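Hi everyone, thanks for coming.

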Amino acid sequence: MIESGDYSPRICGILNLIIEDKMNSIELKKYLSQQCITINDIKSETLQVIIDYANICLEDDILTEQEMRNIQLLKLFLRVKEGDFIDYGKEPEITEILTWQLRKMYNDDVIDKEEALMKNDLQSLFDLSYDQFLDIVNEVAQESLDRGADIKNLDTVIVPNKY
């Protein structure tokens, strides 16, 4: 990720902490102090790191337990709080990632048990609420329904618009 050149020197410094096995709050605090910044000053960039790492993990369409642990540790290390992805304007990117992954799952118009568990991981990945995730899922599930799928096979609940 560092070699991609897509990150600021400050973010590369944080990524180097990880590489050097200094992924702890003391080292992060020391680094941020040396840079005269707070984690909130670079929050948008740190969220992008997590998004980019998630994309790498999802290249094979599988989120392993180790990858999920790594992402959870990365979020903890970078002090990502619930709602940060939305609050910092990352919703379009995470919606795109999730829609892409969900379309692959729904392509055969059936969600099996393994895919249902993967959906839980995807929701957790970006700390989305049930309703936020359901909105994305239902958009993709509706495509399956339009192709003639049976709702019982889609592991979702379609809630009619409330007017």
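Let me start with a term: a salt bridge here is a side-chain nitrogen of Lys or Arg within 4 Å of a carboxyl oxygen of Asp or Glu. Before I use it, some housekeeping. This is a predicted model, where local features need pLDDT of at least 70 and side-chain atom pairs count only at pLDDT 80 or more, while totals for chains, interfaces and linings use all residues. Residues are numbered from 1 along each chain as its sequence is written, and side-chain values use heavy atoms, with hydrogens and water left out.

So, how many salt bridges does a search of the whole structure find? Twelve. I'll show you some of them.

One is between D127 and K75, with N to O at 3.0 Å. D127 sits in the loop between α7 (113-125) and α8 (130-146) and K75 in helix α4 (residues 65-77), so this pair ties together parts 52 residues apart in sequence. Helices, by the way, are DSSP runs of H or I with at least four residues, strands are runs of E with at least two, and both are numbered from the N terminus.

Is K75 buried or exposed? It is buried, at a relative accessible area of 4%. Buried means under 20%, exposed over 50%, and partly exposed in between, using a 1.4 Å probe and protein chains only.

Next, E45 and R10 form a salt bridge at 3.8 Å, N to O. E45 belongs to helix α3 (residues 43-57) and R10 to helix α1 (residues 9-19), so parts 35 residues apart in sequence are tied together. E45 is partly exposed at 24%, and R10 is partly exposed at 30%.

Then there is K90 with E93, at 3.7 Å, N to O. Here K90 is buried at 8%, whereas E93 is partly exposed at 30%.

Now to the cysteines. The structure has zero disulfides, a disulfide being a pair of cysteine sulfur atoms within 2.5 Å.
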